[in-house]
Amino acid sequence: MIREQAARTPDGERVRVIGGWSPFQFEERRMPTPAELTQAAPDTPVFVLHLYSCGFLNRAGVEALGITAQTAAPDGGSCETTADGGAVLHAEPDPTILHRTIGALLGLSEEDQVNSTRHFYRELNRFGISSAIDAGGGGHVFPDDYEGTFALADAGDMPLRILSDLFPQDPGKKLADFMAGPRIGRSTSPRPSGWFTASWSNAAATS
């Protein structure tokens, strides 16, 4: 799967697997190794996230992010570089190291965001999913990082219903986040749509 995706990934882009899988769905019934990711995609940076417990980088991914054995991990996490030039990122127990890695991946143009979002939602449709809840987090900021969904909703092209459950992610900036997003307890986005709604979580409002 990684090899196939790397083959159709444009130069300068990266293969990223942000959750949505289990090691038990594969014949080996285990996690991939950085060496296997490098073998599958020797020239394309690859980042594979497993839940918010650990992440795997191939050699090209490590080089693209400038990670070395001396790179300091944020509190609550660790970075294990491997002999093949890859790395395993551990959230022990804080997932900040994983959030930062996701945030460091190259962003997409608005056009590519829309295209990527459409493909992702269509993949959910393929499994018979017609509605979903976005739990928020992962370094994604509302509303800036939701442009793909906004564009599909505005155009009437949303293939499923999405409820985004939001919460502030920067200590000391909760009020600013609340003011920038939808009102607490109100299930509407800045651009209301019957197919996409967003509200602050109760935990965020009281924490």
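A: Begin with a cut-off: a residue counts as buried when its relative accessible area is under 20%. Keep in mind, too, that this is a predicted model.

Q: Which way do the residues of S3 point, and are they buried or exposed?

A: In a regular strand, the side chains alternate between the two faces of the sheet. Here Cys54 and Phe56 point one way from S3, while Gly55 and Leu57 point the other way, and all of them are buried.

Q: In what order do the strands of the open sheet lie?

A: The five strands of this open sheet follow the order S1-S2-S3-S5-S4, and their pairing is mixed. Strand S1 (15-18) and strand S4 (77-81) stand at the edges with a single partner strand each, so one side of each has no neighbour in the sheet. On average, neighbouring strands are turned by 15 degrees against each other, direction ignored.

Q: Which helix packs on the sheet?

A: Helix H4 (residues 96-104) does so, touching S1, S2, S3, S4 and strand S5 (87-91), and its direction makes about 130 degrees with that of S5.

Q: How many bridges join S2 to S3, and how do these strands run?

A: Strand S2 (residues 46-50) and strand S3 (residues 54-57) run antiparallel and are joined by four bridges. Across this pair, His50 stands opposite Cys54, and Leu49 stands opposite Gly55. Their hairpin has three residues between the strands, and Leu51 there takes a positive phi near 50 degrees.

Q: What stands opposite Gly55 in S5?

A: Leu89 stands there, and S3 and S5, which run antiparallel, are joined by four bridges.

Definitions and conventions. Residues numbered from 1 in each chain as written. Predicted model: local features only at pLDDT ≥ 70, side-chain atom pairs only at ≥ 80, totals over all residues. Heavy atoms only, no water. Pairing = 2+ DSSP bridges. Helix = DSSP H or I, 4+ residues; strand = E, 2+ residues; numbered from the N terminus. Axes fitted to C-alpha atoms, helices over the stretch in contact; angles between N-to-C directions. Contact = heavy atoms within 4.5 Å. Buried < 20%, exposed > 50% of the residue type's maximum accessible area, 1.4 Å probe, protein only.
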